[in-house]
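Morning, everyone. I'll take a few minutes on one model. Have a look at it first.

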Amino acid sequence: MLGGGGRNSITVLLTQLAHAYPQKLGTLALILLPVVFLALRSPLVLVAVPSVVLRFLNTDSSYWGLHYHYNAPLMPIVFIAAIDALARIQAARRTTGPARRSLAMATVRYSPALMLAIAAGLAFWGPLKHLWQPQTYTISQHVRDEDAAVAKVPDGATVEATLTVLASLAARTDTFWTGNPGGPAAEYIVFDNAKSIDNPKPGNVQRWVEHRHRGVRYRKIYSEDDVYVFRRS
């Protein structure tokens, strides 16, 4: 909880909302940039406000930025709001003076081209930039070892795993992220020590597993290039 109630709670909430404001404002700017900020002209953009506010109130900083997928649900709202804004601008130009009518016509005419140019630029700046890099399509030996580790887990099993293998396992098993403490003692643990978020990384992975689930024994059934698979005894 951020506050204990009453006026103090409101102060705490506002303080948290303003905390790290350069990062949060940057996130807002990049959400609105692909539509040249036109979404702000439409009331439909208010649909996105609760999601943004809840993210920025969260004390976990991973919600504030662009690194993860948290903007994905917002972008359809932003684009629909931008389309509505253009329609409103076009409709309003009939009742405005010559100067504002000229500005409205230019906005409606040139905004789509500007959006396209910004989208092209962002494609070479954001995560999409990896699509144009040859190394993206090179399968390293470490990835092959991860694939081999994943293959050790049967369909329908419960498994704890590090992020890099979590998605491929989630399609056919009940998965839990090793980054969340207090998870259940799964039947399998797939642990990529080279890519884990643990800091410091476990020096003895077997001991780390046994410490994570006290009273439950696991047997190592795969180990290659710092990628491990443990099966519950």
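Start with a pair of charged side chains: Lys195 and Glu146 meet in a salt bridge, 4.0 Å from N to O. Where do they sit? Lys195 is in the loop between strand S3 (188-192) and helix H8 (205-212), and Glu146 is in helix H6 (residues 141-151), so the pair ties together parts 49 residues apart in sequence. Keep in mind that this is a predicted model.

Buried or exposed? Glu146 counts as buried, because its relative accessibility is 6%, under the 20% cut-off. Lys195, at 38% relative accessibility, counts as partly exposed.

Next pair. Arg212 and Glu160 also form a salt bridge, with N to O at 2.8 Å. Arg212 belongs to helix H8 and Glu160 to strand S1 (residues 158-161), so this one ties together parts 52 residues apart in sequence. Glu160 has 0% relative accessibility and counts as buried. Arg212 is at 22% and counts as partly exposed.

Third pair. Asp84 bridges to Arg88, and their closest N and O atoms are 2.7 Å apart. Both lie in helix H4, four residues apart, about one turn of the helix. Arg88 counts as partly exposed, at 36% relative accessibility. In total, the count comes to four salt bridges.

Now the nonpolar side. The largest nonpolar core has 21 residues, and Val35, Leu38, Ala39 and Val78 touch the most other members. Which elements give two or more residues to this core? Helix H2 (21-32), helix H3 (49-57), H4 and H5 do. H4 gives the most, with eight residues.

Take Leu38. Leaving aside neighbours within four places in sequence, Leu38 contacts Ala82, Ala85, Leu86, Ile89, Thr107, Ser111 and Met115. There is also a second, separate core of 14 residues, including Ala149, Ala161, Tyr222 and Val229.

Last, helix H5. H5 runs over residues 98-123, which is 26 residues; at 1.5 Å a residue they should span 38 Å, and the end C-alpha atoms are 37 Å apart, so the two agree. Where does H5 bend? At Tyr110, by about 40°, and a proline, Pro112, follows within four residues.

Which H5 residues are buried? Ala104, Val108, Ser111, Met115, Ile118 and Ala123 are. The buried residues of H5 pack against helix H4 (74-92). Two of them, Ser111 and Met115, came up already as contacts of Leu38.

That's the tour. Over to you.

Technical notes: Residues are numbered from 1 along each chain as its sequence is written. This is a predicted model: local features need pLDDT of at least 70, side-chain atom pairs count only at pLDDT 80 or more; totals for chains, interfaces and linings use all residues. Side-chain values use heavy atoms; hydrogens and water are left out. The expected span of a helix is 1.5 Å times one less than its number of residues. The bend at a residue is the angle between axes fitted to the seven residues ending there and the seven starting there. Buried means under 20% relative accessible area, exposed over 50%, partly exposed in between (1.4 Å probe, protein chains only). Contact means heavy atoms within 4.5 Å. A nonpolar core is a set of buried Ala, Val, Leu, Ile, Met, Phe, Trp, Tyr and Cys residues joined through side-chain atoms within 4.5 Å.
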